[in-house]
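Here are my notes on the pockets, the cavity and the annotated positions. Please read them with the model open.

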Amino acid sequence: MHYFQYKNGQLHAEDIAVADLVYEYGTPLYIYSATTLKRHYKAFDSAFEGIDHLTCYSVKANSNLSFLKILAQEGAGTDIVSGGELFRALRAGVDPKKIVYSGVGKKVVEIQEALFADILMFNVESVQELERINEVAAGLDKVARVSLRINPDVDPKTHPYVSTGLKENKFGLSRPDALKAYALAKSLPNVEPIGMDCHIGSQLTQLSPFMEALDKLKEFHGQLLEMGIKIKYMDLGGGLGITYNEETPPHPEELGKALVESLKDLDVTLILEPGRVIAGNTGILVTEVQYTKTNEDKTFVIVDAAMNDLVRPSLYGSYHRIASVREGNGEEMTADVVGPICESGDFLAKNRTFPKVGQGDLLAAFSAGAYGFVMSSQYNSRARAAEIMVEGDKHVVIRKREVYNDLVALEEDGLACIGRLKK
């Protein structure tokens with residue numbers, strides 16, 4: 001459920017008309033609902049009440065500081081994949097003992113930062129990473145808590161770009177290699193193996209991949225016990241999907257019931273890393289129609305939001321529902337909704353039917369709260385959109401719209417640079 005609904009013919013974000021926010025802040029514009037965010041977190045977290053668990057929101061889904069602060073206040077931990085995400089999580093007030101650090105390419109400085117912060121644990125992806133963490137921890141006279149990421153070779157039945165649990169994916173260790181790595185971890189003086197980790201992919205719409213992966217982890221857990229390694233945490237990652245179009249993903253309650261039943265006899269704390277399922281439907285991207293045109297039998301609606309603002313349709317062929325901010329009168333059109341970037345891949349929707357719009361009208365792309373702004377760029381020297389958070393009849397700017405000076409703020413002045421080179 002989300003709180004973007006029509007009232008008196010106008011799309012509202014909670015109790016504020018979207019058109020009013022556009023009048024004040026312009027387009028393209030990301031608008032989020034705080035009530036939706038809190039509701040989704042509580043719905044997910046409460047689904048696992050029958051077992052010791054920790055819900056670590058996946059920061060990569062939407063890393064805005066206000067987003068993270070709201071979730072931290074609700075009791076969430078975070079799953080991070082970079083030093084920058086660690087910085088954001090700590091800045092937002094997330095308890096370090098609720099932070100897990102994933103990712104295949106951790107640098108020395110990032111490991112140092114996480115050790116200084118005293119995070120809960122690292123999810124280790126390779127033997128070399130394990131050895132590096134031990135070395136860095138020794139240099140700081142610390143012991144790093146670690147969990148090894150196991151690649152269970154389970155097909156998540158999702159887009160190949162967001163599949164992470166197959167043997168051809170770059171993530172984790174095969175089970176035989178993971179056993180050797182745990183034996184190594186047990187022998188290393190500056191790491192403590194306290195968990196096991198698995199994440200099979202994103203936008204999962206079935207329970208069966210989760211349960212197949214869990215069965216393999218439980219078997220592996222037994223092998224670790226035989227080696228004298230007793231883990232405290234079992235991290236099953238995230239990946240539960242949302243409805244963009246016609247998908248019918250399981251409700252978190254279904255996943256919770258299945259996992260609680262399967263883990264009831266194991267003395268472990270379950271860690272979940274939801275991202276999209278919490279953030280996805282909390283946001284919309286609003287854009288203004290600049291032009292419409294028809295080439296032979298093809299109609300284009302040219303808007304001021306582009307692939308630099310929302311890259312998912314271009315990158316993954318992803319579907320986002322497109323709707324008019326002003327409720328239609330019944331007349332419809334079928335068109336491609338395209339942006340101003342000089343790429344044929346710059347589109348928000350293709351061959352989509354929606355209420356007829358014209359120049360100056362506003363469109364909203366729904367389910368843009370996850371992997372929306374966070375993946376945006378300045379391609380074509382386009383300043384990035386503003387972000388607004390709404391709760392009830394109040395709103396706040398949580399990220400200002402960029403201006404032209406922001407595009408060059410970190411660059412050297414061209415003439416000055418050339419002058420130094422000539423010297």
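1. The lining of the second largest pocket comprises 11 nonpolar, 8 polar and 2 charged residues. Here Ala, Val, Leu, Ile, Met, Phe, Trp, Tyr, Cys and Pro count as nonpolar, Asp, Glu, Lys and Arg as charged, and the others, Gly among them, as polar. This is a predicted model, in which local features need pLDDT of at least 70 and side-chain atom pairs count only at pLDDT 80 or more, while totals for chains, interfaces and linings use all residues. Residues are numbered from 1 along each chain as its sequence is written, and side-chain values use heavy atoms, with hydrogens and water left out.

2. The second largest pocket holds about 480 Å³ of space. Among the 21 residues lining it, Met 1, His 40, Ile 242, Thr 243 and Asn 281 are the closest to its centre. Two or more lining residues come from each of helix 2 (34-46) and helix 10 (276-279); helix 2 gives the most, with 4 residues. Helices (H or I, at least four residues) and strands (E, at least two) are DSSP runs, numbered from the N terminus.

3. On a 1 Å grid over the protein atoms alone, a pocket is an open set of points with protein on both sides within 12 Å along at least five of seven lines, whereas a cavity is a set where a 1.4 Å probe fits but cannot get out; lining residues have an atom within 4 Å of a point. Grid points are joined across faces, edges and corners, and a volume is the space filled by probe spheres set on the points.

4. The count is 1 cavity of 30 Å³ or more. The largest cavity has a volume of about 40 Å³ and is lined by Cys 198, Ile 200, Phe 210, Ala 213 and Leu 236. That lining divides into 5 nonpolar, no polar and no charged residues.

5. An unreviewed UniProt entry lists Arg 276, Arg 312, Tyr 316, Glu 343 and Tyr 371 under "binding site". They span 96 residues in sequence and their farthest two C-alpha atoms are 27.3 Å apart, so they do not all gather at one spot. Such annotations may be inferred rather than shown by experiment.

6. Tyr 371 sits in the loop between strand 18 (362-365) and strand 19 (386-391). Tyr 371 is buried, at 13% relative accessible area (buried is under 20%, exposed over 50%, partly exposed in between; 1.4 Å probe, protein chains only). Leaving out residues up to four places away in sequence, Tyr 371 touches Lys 60, Ala 61, Arg 276, Leu 310 and Arg 312 (contact means heavy atoms within 4.5 Å).

7. Glu 343, in the loop between strand 16 (332-338) and strand 17 (347-355), is partly exposed at 37% relative accessibility.
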